[in-house]
Amino acid sequence: MTNAGAERAGGCCAGTPGARSECLEIEAEGGALVVRTGRHFVQREVVSRGATAFADDAALVAAELLANAVQHGAPPVTVCVAGNAERIRIEVHDASARTPVRPAPSTTNMTGRGLALVEAVSAGWGVDRDGRGGKLVWAELEAGPGLTNDLSVDVDGLLAAWHDEEPSAEQRYTVVLGDVPTDLLIAAKAHIDNLVRELSLARDASEGGDVPEHLATLIETVVDGFGDARDAIKRQALAAAQRAEPRTLLTLHLPTSAAEAGEAYLAALDEADAYSRAARLLTLETPPAHRLFRQWYVEAVVRQLRELAAGRRPEPVVPFETRLLEEMQRLAALQRTTERAARLQRVTAALARARTPEDVADVVVSEGVAALGASGGGLVLPAPDEEHLTVPGVVGYGEQLVDALREERLDAPLPAATALRTGEAVWLESRDERDRRFPALRGLEAATVSMCAVPLTVGERTLGALRFSFQSRRLFDDDERSFVLALAAQTAQTLQRTELYAAEREAALELQRALLPAGVDTVPGWDISAHYSPAGGQAAGGDFYDVLPLPDGRVVAVVGDVMGRGVQAAAAMAQTRTVVRAYAIADPDPAAVLTRVDSFFDSLDVAQLVTLLYLLLDPAQGTVQIASAGHLCPLLVQETGTQELDVDGGTPFGVVDGDRRSVTVALAPGESLVMLTDGLVERRDEDIDVGMARVVGALDGSAGCTASALLRRALASAHTGGAHEDDVTVLVLRRCGAEG
């Protein structure tokens, strides 16, 4: 891995006390190996010269100078040692003429501290050209507190003058960037130094060639590319900082090749930031202000160099503060666009749950008013009479205006009606335009200065219109118009979906109503009452009941519940009800009927789960046989109170075939059985037993009531002031007393 050259005397460390000098040229595949090899060599040489007292300091100085050569220089790297027990000189040569830059003290800069260490432990240090196009960085150490340091060098002056003395075979041009805040320069260049350090460490850690080719190119471009400009900016910023100048006038002297190098450097830094954001390889993503600064100065350098090389006088560089303001304006516009895009995403998510035009209006109008800063907004649709408008929802409009909108005719010369009628958007940006195009608005909305009304169109159909009002002059730019039109497109699609949903729900309800008994047949000696209501605002469900008189005088009563809602649930309900009826006519025994329904489900492969409570009533004897397929137990209402009957519920149809059983109870005159579905007793965050207890409590003390009165009490127990979330079915069978 290491090919170390032979040690050789002479040619280095000239004038250093102690005649003997030794050098080691190091060629290694990794920077870490270069540093380690050179440090061991220096330590051995220092000890061999009797300078054991500061051998550790010499090793530290050598390590820092070698690391500087590896990161900021070019191979080959040579380290030389000369001197004696009282004074040692260490030199590190590399093939790059680029001078090291001593940074300002900083707690965030992870590089440049090595030169500070060198300065702290050395009697003196400096930089010289080596006559071969490269440089050497040297440091001298001395032993004993009594010696006088006569090696002091004006390093700052030397580094400042280095650039002016640097020979160059390529013509250079002067690029004037203007003045920039010094603090920004120092911070930005410190970040780049830290990034270079990370990339150098990554390169050194992969001595076996594990770094992909494109990544190796990126590292080389960032570490070594555009070096002249970077170093010049760093030197000027540090000099301004030492003079306590708040701004630094940046003037660079660069060859034309720096233009191409600058473009590659800028692209490489952008890719390095992508690695940082993805947590791959790097941890130091560029702060936004630093990224903007590097884009500004690199692009300015590239543009000016190419203009100068072509013999043209370049345009003055736009000041950095101007570029910063432009970026702020761009970001502000981008933020508005992003916020509106986020609102559209929220609208999309909320509209997925909309089932009615009122649901749609609640989402769209409120989001539109907030995004646009409107004083009010509303959704208008054609009324069923196709002559007037309906208003499913508004925000910010008073009752008087809403009433007026409801009275508005489709042929009215007003913005929303016009948009709905013509399919064209209306944009009113001032009071003058409002009065000229729609004078009727003065009486309808006196405070409104500007307005927009856009049609809600799907294909060739216009379903309605959105309107937004503003109490000040409004110039609708392209971005704002695009947002309103996108909001309208989402609204139109959702309205069309609510139409389809309403049609499906109505079809399911019609199917359900058609299959439920139109009325309950009269059974001598019995009072029977039934109730069914679908879930409020939801699709039709699968609840059903049936009362079937048999030829022998007995009566079958059924209450069932199909899991789910919509047409599929209603269809499953219809199939189950029909099969139960057919089996009951053939053999009405409860256990036999439920067993045969199990077989039906196995053969038909019905997807929904179905629960069922089946009663076989003998009116003359007052006996009732009861079987259950996973359904709620019936309630027995007696003089002594109300109780749940202990019926073996089994499992719902469609789960597993079970051993279906039945129980028989006898009802005395005046006693009742109440059958119900879970829609009556279920509540969110409440155990179903609590709901059953609520119904039991409502029916206590009502043994003398009619079946319809019992039904009302049962329903009243579930009222919460709003629409119930599930279908509700209740069937009451009461054996009449002596009074009838």
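The expected span of a helix is taken as 1.5 Å times one less than its number of residues, and helices (H or I, at least four residues) and strands (E, at least two) are DSSP runs numbered from the N terminus.

With that in hand I looked at helix H11 (residues 357–372), whose 16 residues reach 22 Å from first C-alpha to last, close to the 22 Å expected at 1.5 Å a residue. I note before going on that this is a predicted model, in which local features need pLDDT of at least 70, side-chain atom pairs count only at pLDDT 80 or more, and totals for chains, interfaces and linings use all residues. Residues are numbered from 1 along each chain as its sequence is written, and side-chain values use heavy atoms, with hydrogens and water left out.

Just after H11, I found Gly 373 with a positive phi of about 70 degrees.

For helix H2 (residues 55–72) I read 18 residues and a reach of 26 Å between the first and last C-alpha, close to the 26 Å expected at 1.5 Å a residue. Its buried residues include Ala 55, Val 61, Leu 65, Leu 66, Asn 68 and Gln 71.

**Entry: two helix pairs**

Two packed helices are described by the angle between their axes and the distance between the axes. The axes I used are lines fitted to C-alpha atoms, for helices over the stretch in contact, and the angles run from 0 to 180 degrees between N-to-C directions.

Helix H9 (residues 288–309) packs on helix H10 (residues 320–351) at about 125 degrees, with the axes 11 Å apart. That makes H9 oblique to H10, since angles under 35 degrees count as roughly parallel, over 145 as roughly antiparallel, 65 to 115 as roughly perpendicular and the rest as oblique. I listed the contact (heavy atoms within 4.5 Å) as Ala 289, Leu 292, Phe 293, Gln 295, Trp 296 and Glu 299 of H9 with Phe 320, Arg 323, Leu 324 and Glu 327 of H10.

For helix H19 (residues 688–699) and helix H20 (residues 707–716), the axes come within 8 Å and cross at roughly 140 degrees, and that makes H19 oblique to H20. Here Val 695, Ala 698 and Leu 699 of H19 meet Leu 710, Arg 713 and Ala 714 of H20.

**Entry: two single residues**

Is Lys 189 buried or exposed? Lys 189, in helix H5 (residues 182–204), is buried, with a relative accessible area of 5%. Setting aside neighbours within four places in sequence, I found Lys 189 in contact with Arg 230, Ile 233, Lys 234 and Tyr 297.

Ala 417 lies in helix H13 (residues 415–422) and is buried at a relative accessible area of 0%. Not counting residues up to four places away in sequence, Ala 417 touches Glu 408, Arg 409, Leu 410 and Ala 412. I also noted that Ala 417 and Pro 382, 35 residues apart in sequence, are 9.1 Å apart C-alpha to C-alpha.

**Entry: whole protein**

Last, I recorded 20 helices and 23 strands for the protein, with buried residues making up 51% of its 740 residues. Of the contacts with a separation of 6 or more, residues 24 or more positions apart account for 67%.

Conventions: Buried < 20%, exposed > 50% of the residue type's maximum accessible area, 1.4 Å probe, protein only.
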